[in-house]
Amino acid sequence: MITQLSSQEKLTVIQKVIDAVTNKETDPWANSIYAPFKSKGSNYDIGDFGEILVCELLKLDGVDAEIYKQDGLDIKRGTVQDEVKTSSISARGNHWFNQIKFSEDKVSGAEFEHIYFVGIYPDSSLQIWRATNSEDLKKSFR
């Protein structure tokens, strides 16, 4: 019976199980340059990364851009506002971009010209997609 096992025997079994479970599948993010904020478990850290990245890339391209944390929007380019959504992409290619608020969303009143989707992959790569706010875009999201 289990109750008759010594503490050392129990610890040995527990360690064996931990080793078996953790070695079952290697964490695809373990060697990723994005591992530090991915492991925090905070969507805010991942979101901040995407916003700052897009803003800095726009600046490198000669665009006068700044982080803009009002009206639920993320970047301001002069009088134009843009939205940034960031998602970690699983090794299988699964992702989730959420809380996209279009201008008719009465709660946020957000009006953006472009939305940038930043996909962060465990192999340390990333992709950025840009879409113009339009009826076609709105029909694509549920």
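In what order do the elements of the protein run from the N terminus on? The order is α-α-α-β-β-β-β-β-α, which comprises 4 helices and 5 strands; helices (H or I, at least four residues) and strands (E, at least two) are DSSP runs, numbered from the N terminus. The model is predicted, so local features need pLDDT of at least 70 and side-chain atom pairs count only at pLDDT 80 or more, while totals for chains, interfaces and linings use all residues. Residues are numbered from 1 along each chain as its sequence is written, and side-chain values use heavy atoms, with hydrogens and water left out.

Of the 142 residues in the protein, 32% are buried (buried means under 20% relative accessible area, exposed over 50%, partly exposed in between; 1.4 Å probe, protein chains only). Among contacts (heavy atoms within 4.5 Å) between residues at least 6 apart in sequence, 46% join residues at least 24 apart.

The 5 strands form an open sheet of order E1-E2-E3-E4-E5 with mixed pairing; two strands pair if DSSP finds at least two bridges between them. Strand E1 (65-67) and strand E5 (126-132) stand at the edges, each with a single partner strand, so one side of each lacks a neighbour in the sheet. E1 runs antiparallel to strand E2 (residues 75-77), to which 3 bridges join E1. Glu 66 has Lys 76 in E2 as its bridge partner.

Val 54 lies in helix H3 (residues 43-60) and is buried, with a relative accessible area of 3%. Apart from neighbours within four places in sequence, Val 54 is in contact with Ile 75, Val 84, Tyr 116, Val 118 and Ile 128. The C-alpha atoms of Val 54 and Ile 128 are separated by 8.4 Å, although the two residues are 74 apart along the chain.

The whole structure holds 4 salt bridges, a salt bridge being a side-chain nitrogen of Lys or Arg within 4 Å of a carboxyl oxygen of Asp or Glu. Arg 77, Asp 82 and Glu 113 are linked in a network of salt bridges. The closest N and O atoms of Asp 82 and Arg 77 are 2.4 Å apart; Asp 82 is buried at 0% relative accessible area, and Arg 77 is buried at 18%. The salt bridge between Glu 113 and Arg 77 has an N to O distance of 3.6 Å. This pair links distant parts of the chain, with Glu 113 in the loop between strand E3 (80-88) and strand E4 (114-120) and Arg 77 in strand E2, 36 residues apart. Glu 113 is partly exposed, at 36% relative accessibility.
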